[in-house]
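My entries follow the order in which I looked things up.

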Amino acid sequence: MKHYQYTTSKFVTTVLLPLIIMKGLLIWGILLLLSGEQTPFAQLLIYGSAILLFFSIIGIHTPGWIKLDDEKIILHAFFVTHEFYWKELSFVQLRVYQQTGKLYIRLGTNKFIKGRYWITSDIKGYDNLFEELKTKSFVEKKISSVKR
């Protein structure tokens, strides 16, 4: 099983720093709401940052490390781990955003939270990881039958 992980400094700037900023915005929104100032803006901060925090932590939008082999892929960040078996996936899509140095991975499952991940090119072994994922990627083709 191959293991891909960010260095400590890249993990802090890529994964941890955005979470700290979102948490700060949530606290700022709560303080604004409690003080009675700018209530609509405070509500926006609270709801927006709470939703982003939820999906960033539970949904692991940016995993801290990835392990993969011919049988499965495991993505992990903080205290949450998502494990997918290749044979159970209906599709594996990759989108490369070269301008930002990011790779978007979409794993076809019926899960609301799981299956959508961002990987930056700062992860150790990015090129090898991309090539492995490219060999695993496929899109399910639905053929509709015509009734006569």
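I call a residue buried when its relative accessible area is under 20%, exposed when it is over 50%, and partly exposed in between, with a 1.4 Å probe and protein chains only. I note that this is a predicted model, in which local features need pLDDT of at least 70 and side-chain atom pairs count only at pLDDT 80 or more, while totals for chains, interfaces and linings use all residues. Residues are numbered from 1 along each chain as its sequence is written, and side-chain values use heavy atoms, with hydrogens and water left out.

**Entry: cores.** I looked up the nonpolar cores, each a set of buried Ala, Val, Leu, Ile, Met, Phe, Trp, Tyr and Cys residues joined through side-chain atoms within 4.5 Å. The largest has 24 residues, of which Ile73, Leu107 and Ile119 touch the most other members. Two or more residues each come from strands S2 (65-68), S3 (72-77), S4 (80-85), S6 (102-107) and S7 (116-120) and from helix H3 (126-136); helices (H or I, at least four residues) and strands (E, at least two) are DSSP runs, numbered from the N terminus. The most is given by H3, with four residues.

I then listed the contacts (heavy atoms within 4.5 Å) of Leu107: leaving aside residues up to four places away in sequence, Leu107 touches Ile73, Leu75, Phe84, Trp86, Leu89, Phe91, Val92, Gly115 and Tyr117. A second, separate core has five residues, among them Leu19, Met22, Leu26 and Leu53.

**Entry: ring pairs.** I counted rings of Phe, Tyr and Trp (its six-membered ring) as paired if their centres lie within 6.5 Å, with planes under 30 degrees apart taken as stacked, over 60 as edge-to-face and the rest as tilted. The structure holds seven such aromatic pairs. For Phe11 and Phe78 the centres are 6.0 Å apart and the planes at 55 degrees, so I logged this pair as tilted. Phe11 is in helix H1 (residues 8-35) and Phe78 in the loop between S3 and S4, 67 residues apart.

Are Phe84 and Tyr117 stacked or edge-to-face? They are edge-to-face, at 6.2 Å centre to centre and 70 degrees between the planes. Phe84 counts as buried at 5% relative accessibility, and Tyr117 is buried at 0%.

**Entry: charges over rings.** I required NZ of Lys or CZ of Arg within 6 Å of the ring centre and within 35 degrees of the ring normal. Lys67 lies over the face of Trp65, at 5.1 Å from the ring centre, and Lys102 over that of Trp118, at 5.8 Å.
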